Amino acid sequence: MHRSIAAAAAVVALTAALTACGGSDGDGDKAGSTKGTHSSAAAEPGGEKSPEAAPSQASSTAGKLGDTLSLVGIVGLGETTAPTADITLNKFVDNAKSQGAYFEAADGNRLVAAEFTIVNTGKATYSDAPYTPPTVVDTAGTAHNGKPGDPTDGESLSITMALSQGERATGWVIFEVPKSAKIASVTWQMDRTGLDPARVGTWTL
């Protein structure tokens, strides 16, 4: 009799223990499922493209008249980052006139002029001689450098330029080319040393 009662009590105790264990396992499964849901939800935004990943017109180094091109220069002495700038070719005049006789074109040549806007988009100062970075390129592939002087259409860029972060400058650069030359494009190369396509912007006319 006592043995039967003891056996029954043992069965009841064992059943209760198994039920408790099953409940714990069920809670554990729910917790694991919850963690999986949070992990999946957190991963979803990572699959979306960031704004930086989307292409933009300003990120290009080639365009047409009126476009803004983003260019990168060379890290200067005492700087930790390279200067960056947005350059816009605003206007182009195929037959330009100088404001003074000293800057007129030689016999057999003519003047052309391009108006640029330069905006420093980086932290480093962008320093340059504005008539040095740009060229005009004719259909024969010959590049013609800029020269100091003011066209009658407006004021030229300064002989020297130093733009701090966020500063901008707008002005003309004149070029002397053969009268027979047909200008196909205008270029601007930041920190014009060697040839680095990433530092050259080209506008097709």
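Trainee: Does Tyr102 count as buried or exposed?

Mentor: First, the ground rules. This is a predicted model, where local features need pLDDT of at least 70, side-chain atom pairs count only at pLDDT 80 or more, and totals for chains, interfaces and linings use all residues. Residues are numbered from 1 along each chain as its sequence is written, and side-chain values use heavy atoms, without hydrogens and water. Buried means under 20% relative accessible area, exposed over 50%, and partly exposed in between (1.4 Å probe, protein chains only). Tyr102 has 74% relative accessibility, so Tyr102 counts as exposed. Phe103, at 26%, counts as partly exposed.

Trainee: How are the rings of Tyr102 and Phe103 arranged?

Mentor: A pair of aromatic rings is described by the distance of the centres and the angle of the planes. Rings of Phe, Tyr and Trp (its six-membered ring) pair with centres within 6.5 Å; planes under 30 degrees apart are stacked, over 60 edge-to-face, the rest tilted. Here the centres lie 5.1 Å apart and the planes meet at 85 degrees, so Tyr102 and Phe103 are edge-to-face. The whole structure holds three aromatic pairs. Phe116, Trp188 and Trp203 form one aromatic cluster.

Trainee: Which residues touch the most other members of the largest nonpolar core?

Mentor: In soluble globular proteins, nonpolar side chains tend to be buried together. A nonpolar core is a set of buried Ala, Val, Leu, Ile, Met, Phe, Trp, Tyr and Cys residues joined through side-chain atoms within 4.5 Å. The largest has 25 residues; Ile87, Phe116, Ile118, Val136, Val186, Trp188 and Trp203 touch the most other members. A second, separate core of six residues includes Leu111 and Trp172.
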